[in-house]
Amino acid sequence: MFRRNAIISVVIIILTVILGQIAKANLLVDNKILKIKTVDELNKLVFQFDLSLDDYIYPNYYTPEKALEANDRAEIIAVVSPTGRIEQYHWLLRQEVVINKVVRGDKSLEGMTAKLDVSNGLVYYNIDEKRDPFDPRGFNLYYTNTVNIMQPGNEYLAFFNRMPLQDYAEDDIIFNCISTEYSYFNLSLPENDLLITDATANYKLEDLKEYEYFTGSKRMLDLWYDVKEAAVKKYLDPQ
């Protein structure tokens, strides 16, 4: 019995050490991200892309009509302006905006400052599963969204829902964007043909302000602009 308990104790100690190292690695990751509070800071960071630059699967089934079905389920549709303040967490980007006009939803929100949550953003992690997860040299900074961040000075058509735990958000008004890919459209930036040709190259967001959607596929870019055009026509320019 004593020997069995001793073995169990040793196993628990080993597991504790391993979990502690994992937690330490994650804290290293999060601490680097949590210090970022403004778009200006985010713009200057050097990163690579962790996303497919090819057609992959979306064009085979993701039509503008199907995308708008998802957008139409948003509780609130509004025209917003980013303030430049952000909170970049690990796998979550929170962007502060002023709600200029509510197209659909609670009109009392107009003029208020709120925060919009969207998945991913800039993430510091180990993309190579074969590397030692405890080796800091295995980590790099990656942008993992296909849509660019909201830049101050622009207006956006945004689609979002109330956060289920809003009552616990203290004085912050926080909403969840309806998706990663079609959460908002830049109303101030004209359509262009800019593509990302090399995901492994080093980039800065301050050099990519003319990009609204990140892809290496002209077909994907055209599809995304078709969705944007359909959304603007439906919600801002209805016939």
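**Exercise 1.** Are phenylalanine 159 and tyrosine 235 buried or exposed?

The model is predicted, so local features need pLDDT of at least 70 and side-chain atom pairs pLDDT 80 or more, while totals for chains, interfaces and linings use all residues. Residues are numbered from 1 along each chain as its sequence is written, and side-chain values use heavy atoms, without hydrogens and water.

Step 1. Buried means under 20% relative accessible area, exposed over 50%, and partly exposed in between (1.4 Å probe, protein chains only).
Step 2. Both phenylalanine 159 and tyrosine 235 are buried.

**Exercise 2.** Classify the ring pair of tyrosine 143 and phenylalanine 214.

Step 1. Rings of Phe, Tyr and Trp (its six-membered ring) pair if their centres lie within 6.5 Å; planes under 30 degrees apart are stacked, over 60 edge-to-face, the rest tilted. The count by this rule is 16 aromatic pairs.
Step 2. The centres of tyrosine 143 and phenylalanine 214 are 5.4 Å apart and the planes stand at 90 degrees, so the pair is edge-to-face.
Step 3. Tyrosine 143 counts as buried because its relative accessibility is 1%; phenylalanine 214 counts as buried at 1% too.

**Exercise 3.** Classify the ring pair of phenylalanine 159 and tyrosine 235.

Step 1. With centres 5.4 Å apart and planes at 70 degrees, the rings of phenylalanine 159 and tyrosine 235 are edge-to-face.
Step 2. Ring pairs join Phe159 and Tyr235 into a cluster that also includes Tyr182, Phe185, Tyr213, Trp224 and Tyr225.
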